[in-house]
Structures are given as C-alpha cells and as structure tokens.
Amino acid sequence: MAPTLKLTYFDIRARAESIRLALTIAGIPFEDVRLPRSEWPAFKEKTPYGQVPTLEITENGQTFMAAQSEAILRYVARLAPESGLYPVEDPLKALRVDEILNACEDLGKKISPTMREPDAEKKVKTRQELTGPEGELTVFTKKINARLDPSGYVLGGDKPTIADLELNGAMWWMSSGLLDGVDPAWVNQFDRICKLRDKLAAHPKVKEWYSKK
Ligand SMILES: N[C@@H](CCC(=O)N[C@@H](CS)C(=O)NCC(=O)O)C(=O)O
C-alpha cells in the first residue's frame, strides 16, 4: 500500500517547488498544504527542525514527519525509481545529481545572508556585487552551468532529475524579481541552465501542474 503524503510549506515556490514537481512528475498523489503565515508559529513547534518544508508520510497507520528538502527529494525519487528522478542504480549518475544538489546549497549560502540584511541600500549593493560580471554568484553559477549536459538537464536526455528540479528552483528564485538588486535577466547568461529551464517548462506534467495554478 502506497504511503499517504502531505507536503507543508508556505504559499510560494522557493524550497518546496522542486518537491512538488518531483511528486507531480513521478505521478505520486500528495496533499499540497500552503501554510498561512499566521499558522506558522504553531506549526513550527511541531516540525523536527523548526523549518519547512516537511513531508508527513502515513503508512500502516503510522505518521512520520520528514524534514530537509534534499532528503525529501531523494525519498520521493526513490518511491518512483522508474521516473529517473534519482538514478540510484548508477553510482556515477547519482553522484552527478548529488553534486549539483550540493552546488545549489552553496548558491543558497551566497545569497541567503542578504535576506537578513536590514539596511535596504546595502542589501541591493551586495546583491549587485554578487551578480555582477565578476561577482561570486555569477562565477559560481557559470561553473554549475558548465557541469550540465549541453542539451540542458544534468544528465542529458529527456528525463529531469531532482538536481534539475532544484537548480531550476534556485534559478527561478534568482530571476523572480523578488530579490531587490538582482536583475531578473541575470540568469539568461547561463545557456545550459536556460535550456534546462525551458525543457522543464515544456515537460507535459510540469505544464499541466502550472496550468492549474
Ligand atoms: N535545510 C533546510 C532549510 C529549510 C529552511 O530554511 N526553511 C525556511 C523556509 S525556506 C524556514 O522554515 N524558515 C522559517 C524559520 O526558520 O522560522 C531544508 O533544506 O529544508
């Protein structure tokens, strides 16, 4: 009997969207809970690390609340091995997926401190520097871009992996216009990442997912 899944996050894409898309691509039904900010303090107390996303997994009458987005992504992919979301049977391919997942974490660590910067002017300036031609984020993202297959997805082919979903999410965030000081067109300089984004957007299940949003 398949487990029942309840994914909880805020009503934004950010850290949960790669999980939502992984479940959607894998064809696994799930409850997509979008937590209102007013309910966050009470829910936070119930989570393992005081963070979302969480995935509540109910199986044989028992519920386990999982946390940590990458662990959840791998779990979802393992539920549907035929999806190709995480090629566990091939150590080298799995390594390449893991590598990009870790690189996405590094990207996050470069931009996250700016979220906590109280001085709006300094925030914008720091982000402009990070995303300038020689900026740390630009230089690092070029390196990620070079690690992708020239056709777009990390491993090439037509099947996205969880690394593609995560990188796509990170790049969506960078080009969302939600980060003052980051030009939404910044991402356009990374050719393979743009191919990844466009391929994923054309994926039938992804298209269907967004047509309902
Ligand atoms: N390493 C965690 C990080 C989770 C995280 O930082 N979540 C943020 C939202 S993106 C959160 O819960 N923030 C609210 C808070 O810390 O109070 C993961 O990958 O899931």
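With 213 residues, a compact globule would have a radius of gyration near 17 Å, and the protein chain has 18 Å, which agrees. This radius is taken over C-alpha atoms, and the globule rule is 2.2 Å times the number of residues to the power 0.38. Along its principal axes the C-alpha trace spans about 55 × 45 × 35 Å. The model is predicted: local features need pLDDT of at least 70, side-chain atom pairs count only at pLDDT 80 or more, and totals for chains, interfaces and linings use all residues. Residues are numbered from 1 along each chain as its sequence is written.

The protein chain holds nine helices and four strands. Both are DSSP runs numbered from the N terminus, helices being H or I with at least four residues and strands being E with at least two. Read from the N terminus, the order of elements is β-α-β-α-β-β-α-α-α-α-α-α-α.

The domain assignment divides the chain into domain 1 (4–83) and domain 2 (91–203); such bounds come from an automatic or database domain assignment. The centres of the two domains, taken over C-alpha atoms, are 22 Å apart. Where they meet, 11 residues of domain 1 are in contact with nine residues of domain 2. Two residues are in contact if their C-beta atoms, placed from the backbone, lie within 7 Å. On the side of domain 1 that touches domain 2, the elements that give two or more residues are α1 and α3. Of these elements, α1 gives the most, with five residues. By class, this side of domain 1 has six nonpolar, one polar and four charged residues. Here Ala, Val, Leu, Ile, Met, Phe, Trp, Tyr, Cys and Pro count as nonpolar, Asp, Glu, Lys and Arg as charged, and the others, Gly among them, as polar.

Contacts can also be sorted by distance along the chain. Among those between residues at least 6 apart in sequence, 64% join residues at least 24 apart.

The next topic is burial. Buried residues make up 30% of the 213 residues. A residue is buried if 20 or more other C-beta atoms lie within 10 Å of its own, exposed if 12 or fewer, and partly exposed in between, with C-beta atoms placed from the backbone. The largest nonpolar core has 41 residues, and those with the most contacts inside it are Ile-19, Ala-22, Ile-100, Ile-162 and Leu-167. Elements giving two or more residues to this core are β1 (4–10), α1 (17–26), α3 (69–79), α4 (91–115), α7 (162–174) and α8 (191–202). The most come from α7, with eight residues. Domain 1 and domain 2 both give residues to the core, so it lies between them. A nonpolar core is a set of buried Ala, Val, Leu, Ile, Met, Phe, Trp, Tyr and Cys residues joined through C-beta atoms within 7 Å.

Ile-162 shows some of these contacts. Leaving aside neighbours within four places in sequence, Ile-162 is in contact with residues including Ser-18, Ala-22, Leu-73, Val-97 and Leu-101. Val-154 lies in the loop between α6 (136–147) and α7. Val-154 is buried, because 24 other C-beta atoms lie within 10 Å. Among the residues that Val-154 touches, not counting those up to four places away in sequence, are Arg-96, Val-97 and Ile-100.

Asp-11 is in the loop between β1 and α1. Asp-11 and Pro-36 are 25 residues apart along the chain, and their C-alpha atoms are separated by 7.3 Å.

The residues around the ligand are Ala-14, Arg-15, Lys-44, Gly-50, Gln-51, Val-52, Pro-53, Gln-68, Ser-69 and Glu-70. A residue is near a molecule if its C-beta atom, placed from the backbone, lies within 6 Å of it. This shell divides into three nonpolar, four polar and three charged residues.

Some backbone angles remain. Most residues other than glycine have a negative phi, and most peptide bonds are trans. A cis peptide bond, however, joins Val-52 and Pro-53, with omega about 10 degrees. Pro-53 lies in the loop between α2 (40–46) and β3 (54–59). Gln-68 has a positive phi of about 75 degrees although it is not a glycine. Gln-68 is in the loop between β4 and α3, and is partly exposed, with 15 other C-beta atoms within 10 Å. Asn-60 also has a positive phi, near 50 degrees, and lies in the loop between β3 and β4 (62–67). Asn-60 is exposed, since 6 other C-beta atoms lie within 10 Å.
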